[in-house]
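Student: I'd like to walk through this one with you. Can you show me the model?

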Amino acid sequence: MTPTDQTPQETVGAVCPICGGTGYVRLHVPVGHPQFGKAVPCTCKQREIEDRRLGRLRQASNLDHLQSMTFDSFAVPDGAVNEIYQSLREARMTAEQFADEPTGWLLLSGPYGCGKTHLAAAIANWRIGHGMSALFVVVPDLLDYLRAAYAPTSPTTYDERFDQVRNAPVLILDDLGTQNATPWAAEKLYQILNYRYNAELPTVVTTNQSVADMDPRLASRLRDPRLVRALPIYAPDYRLQGRNESFGSLSLYSAMTFESLSDRRGEIEPKQSQSLRSVLRAASEYSEQPMGWLVLRGPYGVGKTHIAAAIANRVAGSGMTVLFVVTADLLDHLRATFQPASPVSYDQRFSKVRRAWLLVLDDLGSQNSTPWAKEKLFQILNYRYMAGLPTIMTVASHDWSDVDERLQSRLQDSTVCTLVDMELPSYRGARAPTRKRRTTRRRT
């Protein structure tokens with residue numbers, strides 16, 4: 001008999017017809033074979049051993065409450081073609097490929113609730129479900145896990161835990177950037193990621209932060225295209241689907257559409273009406289394929305907000321993430337997050353503004369231009385400038401003196417920003433010119 005003909009010959013126990021309930025059998029092999037006369041695990045015992053091994057992997061990966069997060073449950077609407085769903089499809093396809101054959105690093109970035117954690121957990125669940133190793137850990141939990149090793153009652157030493165994480169065959173770090181940024185935490189994360197970077201060990205990182213805002217040592221490694229595949233996800237927060245969100249005011253402008261816009265023919269001079277029609281055509285084209293920045297500039301009441309809202313409503317109707325907000329209100333919303341009772345953190349709200357697929361800032365320049373306000377607006381708009389995210393601004397003044405000089409240079413970049421001046425009379429209180437009635441004298 002050859003080794004491939006190894007079949008159970010007799011049981012060591014007397015209960016199960018295969019293993020007798022003991023879980024072990026002797027193989028039917030010729031005399032002289034290395035396993036002749038030896039007891040080996042039965043099929044049922046092998047299943048039990050494998051279940052225990054997978055259970056340990058799942059427990060170490062903190063996946064007990066994330067078992068439902070699989071590739072099959074990561075839904076992308078069929079037939080959707082816009083950029084949001086394209087980014088979701090590409091992210092899922094790349095994550096599936098990585099789970100099957102992990103090489104290099106995968107960086108999943110995007111706002112809260114866009115599906116980053118789902119895909120990261122799906123990678124871990126797929127690998128563990130196929131009997132392969134993966135360590136999934138939320139970054140703040142990882143740091144707590146390492147700190148706990150200093151406790152006298154810890155079953156393992158710090159060095160053992162640190163080595164387990166650093167040398168994991170596949171390491172998945174969820175929510176990088178949400179940890180308490182102490183010097184110790186920054187140093188431990190750098191040590192882990194730098195080691196894996198140099199060893200080119202398969203690693204998945206999810207974050208809602210911009211790489212530019214991270215520790216420069218980590219940022220330089222996460223920007224390395226030779227090793228890191230960056231996948232930005234632009235989807236809206238799925239947790240808010242079907243619910244109204246208090247932040248952002250587009251719902252207040254739902255009646256402001258292209259259909260409700262008028263070229264004011266008969267109300268203003270023909271040349272002005274023709275100019276307005278050109279503006280409306282440009283706005284309509286922008287709404288079909290938002291790219292770059294669009295700045296609508298003109299006096300109060302000429303229709304800047306209506307046009308911006310019409311674009312936003314059309315884009316939102318196609319499923320893209322749109323944030324429409326008056327600039328002064330935006331700064332109030334950011335300040336409100338510092339209150340103890342705030343339902344969201346400053347980082348969450350700030351990230352949402354910066355990463356919205358389309359951001360509409362109404363009345364830029366009307367805000368109180370404190371140094372803090374200027375800095376926040378510059379951070380938001382500079383991020384969007386560098387990321388190439390579509391942005392619309394309405395401005396009432398031709399005077400840029402209240403705008404941060406750094407932001408002025410970006411607004412004057414004609415390769416990114418299209419400036420549309422609307423030199424028109426105000427809609428408010430305007431009346432169409434009255435026409436003289438033509439009368440005829442009736443003969444008597």
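This is a predicted model: local features need pLDDT of at least 70, side-chain atom pairs count only at pLDDT 80 or more; totals for chains, interfaces and linings use all residues.

Student: OK, helices. At what angle do α10 and α12 pack?

Tutor: About 100°, with the axes of α10 and α12 11 Å apart. α10 covers residues 327–336. That angle makes α10 roughly perpendicular to α12, because 65 to 115 degrees counts as roughly perpendicular.

Student: Which residues meet there?

Tutor: From α10, Thr327, Leu330, Leu331, Leu334 and Arg335. From α12, they meet Trp372, Ala373, Lys376, Leu377 and Ile380. By class, this contact of α10 with α12 has seven nonpolar, one polar and two charged residues.

Student: How do α10 and α11 pack?

Tutor: The angle between α10 and α11 is about 150°, and their axes are 8 Å apart. So α10 is roughly antiparallel to α11.

Student: Which residues make that contact?

Tutor: Leu330, His333 and Leu334 in α10. Their partners in α11 are Tyr346, Arg349, Phe350 and Val353. The contact of α10 with α11 divides into five nonpolar residues, one polar and one charged.

Student: Switching to pockets. What volume does the second largest pocket have?

Tutor: About 910 Å³. The second largest pocket is lined by 37 residues. Gln209, Ser210, Val211, Arg355 and Tyr383 lie nearest its centre.

Student: Which elements supply at least two residues of that lining?

Tutor: Strands β4 (105–109) and β8 (228–232), plus helices α11 (346–355) and α12 (371–387). The largest share of the lining, seven residues, comes from α12.

Student: How many of the lining residues are nonpolar, polar and charged?

Tutor: The lining of the second largest pocket has 20 nonpolar, 10 polar and seven charged residues.

Student: Last topic, backbone. What is phi at Asp175?

Tutor: Asp175 has a positive phi of about 65°, although it is not a glycine. Asp175 lies in the loop between β6 (171–174) and α6 (183–199).

Student: And Asp363: is phi positive or negative there?

Tutor: Positive, near 60°, and Asp363 is a residue other than glycine.

Student: Where does Asp363 lie?

Tutor: In strand β11, residues 358–364.

Notes:
Residues are numbered from 1 along each chain as its sequence is written. Side-chain values use heavy atoms; hydrogens and water are left out. On a 1 Å grid over the protein atoms alone, a cavity is a set of points where a 1.4 Å probe fits but cannot get out, and a pocket is an open set with protein on both sides within 12 Å along at least five of seven lines; lining residues have an atom within 4 Å of a point. Grid points are joined across faces, edges and corners, and a volume is the space filled by probe spheres set on the points. Helices (H or I, at least four residues) and strands (E, at least two) are DSSP runs, numbered from the N terminus. Ala, Val, Leu, Ile, Met, Phe, Trp, Tyr, Cys and Pro count as nonpolar, Asp, Glu, Lys and Arg as charged, and the others, Gly among them, as polar. Axes are lines fitted to C-alpha atoms, for helices over the stretch in contact, and angles run from 0 to 180 degrees between N-to-C directions. Angles under 35 degrees count as roughly parallel, over 145 as roughly antiparallel, 65 to 115 as roughly perpendicular and the rest as oblique. Contact means heavy atoms within 4.5 Å.
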